[in-house]
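The report below is meant for someone meeting this structure for the first time.

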Amino acid sequence: MLPLCAVIISMPIYEYTCAACGATFSHLWRSIQTASDAPAPACPTCASPQTQRVLSRVTVLGGMGGLTPGEQAAAGAQEARLASITPKEQIDRLRGA
Ligand SMILES: [Zn+2]
C-alpha cells in the first residue's frame with residue numbers, strides 16, 4: 001500500500017492584479033494545464049475581467065514538486081529520525097494492543 005503522500009498533485013496558485021480597481025488576488029487552479037488554457041479569472045473585488053497574471057508569484061501546492069533533490073533527501077532523513085525516536089514504551093503498548 002502506498003502512503004498518501006505518494007499521490008502527486010500540482011495545484012498552482014497564481015497572483016493576479018486587476019487593471020480596473022488595482023486589487024491583487026490569488027487564484028488556485030486545479031492544474032498547471034488548466035491555468036495556462038483558461039482565461040484569467042474575473043476580479044473578486046469589482047468583477048472586472050481585466051485582470052493580469054503576476055508572473056513572478058507562483059506557488060505550487062502538493063507533492064514535492066517545489067523541492068530540490070537535496071531538500072527531498074533532507075525531508076526523508078527527518079522522517080526517519082522522527083520514526084527512530086519513538087519511545088520504547090509506546091511501541092510495547094502498540095504491540096500489546
Ligand atoms: Zn477589480
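In this predicted model, I13 has L28 of strand β2 as its bridge partner. The two strands to which this bridge belongs, β1 and β2 (residues 24-28), run in the antiparallel sense and pair over five bridges. Together β1 and β2 form a hairpin with five residues between them, and in the turn G22 has a positive phi of about 85°.

Strand β1 (residues 11-18) has two faces, of which the covered one holds P12, Y14, Y16 and C18, while M11, I13, E15 and T17 lie on the uncovered one.

Leaving aside residues up to four places away in sequence, R53 touches Y14, Y16 and A40, whereas Q52, on the same terms, touches Y16, T17, A19 and A40. R53 counts as partly exposed because it has 16 C-beta neighbours inside 10 Å; Q52 has 11 other C-beta atoms within 10 Å and is therefore exposed, the limit for that class being 12 or fewer.

The table gives C-alpha separations for these two residues.

| Pair | Apart in sequence | C-alpha to C-alpha distance |
|---|---|---|
| R53 and E15 | 38 residues | 5.9 Å |
| Q52 and A42 | ten residues | 9.7 Å |

A47 lies in the loop between α1 (32-37) and β3 (51-61), and its phi is near 65°, a positive value in a residue other than glycine. Most residues other than glycine have a negative phi. How many other C-beta atoms lie within 10 Å of A47? There are 10 of them, so A47 is exposed.

Seen as a whole, the protein chain contains three helices and three strands, which follow one another along the sequence in the pattern β-β-α-β-α-α. Of the 97 residues in the protein chain, 7% are buried.

How values were computed. Residues numbered from 1 in each chain as written. Predicted model: local features only at pLDDT ≥ 70, side-chain atom pairs only at ≥ 80, totals over all residues. Helix = DSSP H or I, 4+ residues; strand = E, 2+ residues; numbered from the N terminus. Buried ≥ 20, exposed ≤ 12 C-beta atoms within 10 Å, placed from the backbone. Contact = placed C-beta atoms within 7 Å. Pairing = 2+ DSSP bridges.
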